[in-house]
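Notebook open, structure loaded. I'm jotting down what I look up as I go, strand by strand and pair by pair.

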Amino acid sequence: MAKAPAFVCASCGASYTKWSGRCEACGEWNTIQEETPLSAGPSGKSLGATRGASVTLTDLATEEAPPARAISGIAELDRVLGGGLVPASAILVGGDPGIGKSTLLLQATAAFARKGLKCLYISGEEASAQVRMRAQRLGLEQAPVKLGAETNLRDILTTLETEKPQLAIIDSIQTMWADNVDSAPGSVTQVRAAAHELTQFAKRRNTAVILVGHVTKEGQIAGPRVVEHMVDTVLYFEGERGHQFRILRAVKNRFGPADEIGVFEMTGGGLQEVANPSALFLSERGEPAPGSAVFAGIEGTRPVLTELQALVAPTPHSQPRRSVVGWDGGRLAMILAVLEARCGIPFAGLDVYLNVAGGMKIGEPAADLAVAAALLSAREDAALPADCVVFGEISLSGALRPVSQTENRLKEAAKLGFSTAIVPQSTKAGGTGMELRPMGDLAQVVGEIFGAG
């Protein structure tokens, strides 16, 4: 008797017996696809009552040296990886098409190879000659890296077993196909099966494997989310096509801090690391202008200063526009509501535009006060002092809450020549040499800094 077809959500991996338009597990629409279920064995039966072999157990207190990390020499990459490449780790790298994933990984592979690691670069999207052409443009043609162009997973695993590399790059996981799976390349089943086999190979043979993943229009890695759970580290390569900056962000890392970032600059000779991203993001900042505020933020473990730009203008429409780039639109609506309800400053009949300069994306609530300062500066047409940074969280009551890693934020600001900081009360300078202007609530900021309200 034929087995009934299975349907799987491409977003979360939930299984269904029939197709439906919406996944009940994650709420996504049009993500449920038909697939052939993975069999439990050659006969497709369950494990049954047969006993298996016992698993070797070790004591938690066993004295074993931790695995030595491999250092590439690319400081920004090593930082995001948590201090270097861990042997037997599986890493997933995602990013928009054409953002520079293959360029970054080819440069990283060459750097690791020059440090003595045996490296393999397997491309499922380009021929070996095309990869060699890119290496020549980047000046990497003399790097001791072995290239391969293949999509058959069985052949790739056979090659890896024979060559026994210390680092293998698979570009990309969506092009791999396993001949034992009845499904088209790039489907949910194929991606899941290929990722599982490559991850198990990494653990079994002590080889670090880096998988390249395509990104959907929503910004998520295409394929089932279970792939992100299989691997040890998930990195996103972000950037705006109109900017030369590229940001490598760790979303998940079992061997280091999550939300760590590395900043690169796209040049004609490839990606160049940026040792001081704060100076780079503020390099195009000219004279102080209304609507501009410098935010002292934290990305992972590093402090980064970025410029927030706001524009407030009368609207000819009945419904004012609220446009945000690089920040959460819902949080902007909250701050506008707090300004109106707690400070008496209305934004009705005004279009509001907010932009994070340099293509950065900010997610921490410590940017609330900087956003409010930029909005007030634009509305009142009054520029903030050029030597002033702002940070702090705003509550719905209008009170300002202190934020974490205050001393690191102030030290980074002082290093770049800033001397004043608008901060919540109880914030301490900690010997940074910065002059603090502590504020109790948002109404005090409005009155003392802008004289409005």
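Predicted model: local features only at pLDDT ≥ 70, side-chain atom pairs only at ≥ 80, totals over all residues.

**Entry 1: strand S13**

I started with strand S13 (residues 292–299), where 8 of the 8 residues are buried, so the rest of the structure largely encloses it.

Buried here means under 20% relative accessible area.

Next I checked the partners. S13 pairs with strand S14 (residues 302–314) in the antiparallel sense, over 8 bridges. Strand S17 (residues 388–390) also pairs with S13, in the parallel sense and over 2 bridges.

**Entry 2: the nonpolar cores**

Which residues touch the most other members of the largest nonpolar core? I get Trp327, Leu339, Phe347, Leu375 and Leu442, out of 63 residues in that core. Helix H9 (residues 368–380) gives the largest share, 9 residues. Domain 2 (70–275) and domain 3 (280–450) each supply at least three residues to this core.

What remains is Leu332, Ile335, Leu354, Val356, Ile362, Glu364, Ala367, Asp368 and Val371. Another core lies apart from the one above; this one has 37 residues, among them Leu85, Leu138, Val145 and Ala208. For background, in soluble globular proteins nonpolar side chains tend to be buried together.

**Entry 3: the 9-stranded sheet**

I traced the strand order next. The sheet is open, has 9 strands with mixed pairing, and reads S6-S5-S7-S8-S4-S9-S10-S11-S12. Strand S6 (145–149) and strand S12 (270–273) are its edges, each pairing on one side only. On average, neighbouring strands are turned by 25° against each other, direction ignored.

I zoomed in on one pair. Strand S5 (residues 119–123) runs parallel to strand S7 (residues 167–171), with 5 bridges between them. Serine 123 has aspartate 171 in S7 as its bridge partner.

Then the helices lying across this sheet. Helix H3 (residues 128–137) lies across S5 and S6, at about 140° to S6. Helix H5 (residues 188–205) lies across strand S4 (90–95), S7 and strand S8 (208–214), at about 160° to S8.

**Entry 4: salt bridges**

How many salt bridges does a search of the whole structure find? It finds 19. I followed up a few that involve helix H4.

Lysine 146 bridges to glutamate 163, with the closest N and O atoms 3.1 Å apart. Lysine 146 sits in strand S6 and glutamate 163 in helix H4 (residues 153–163), so the pair ties together parts 17 residues apart in sequence.

Arginine 154 forms a salt bridge with aspartate 179, closest N and O atoms 2.7 Å apart. The pair links distant parts of the chain, with arginine 154 in helix H4 and aspartate 179 in the loop between S7 and H5, 25 residues apart. Arginine 154 is partly exposed at 48% relative accessible area, and aspartate 179 is partly exposed at 39%.

Glutamate 161 pairs up with arginine 205 in a salt bridge, with 2.8 Å between the closest N and O atoms. This one joins helix H4, which holds glutamate 161, to helix H5, which holds arginine 205, across 44 residues. Glutamate 161 is partly exposed at 24%, and arginine 205 counts as partly exposed at 45%.

Asp368 was already on my list as a contact of tryptophan 327.

Notes: Residues numbered from 1 in each chain as written. Heavy atoms only, no water. Core = buried A, V, L, I, M, F, W, Y, C linked by side-chain atoms within 4.5 Å. Buried < 20%, exposed > 50% of the residue type's maximum accessible area, 1.4 Å probe, protein only. Helix = DSSP H or I, 4+ residues; strand = E, 2+ residues; numbered from the N terminus. Domains from an automatic or database assignment. Contact = heavy atoms within 4.5 Å. Pairing = 2+ DSSP bridges. Axes fitted to C-alpha atoms, helices over the stretch in contact; angles between N-to-C directions. Salt bridge = Lys/Arg side-chain N within 4 Å of Asp/Glu carboxyl O. Lists of a residue's contacts leave out its neighbours within four places in sequence.
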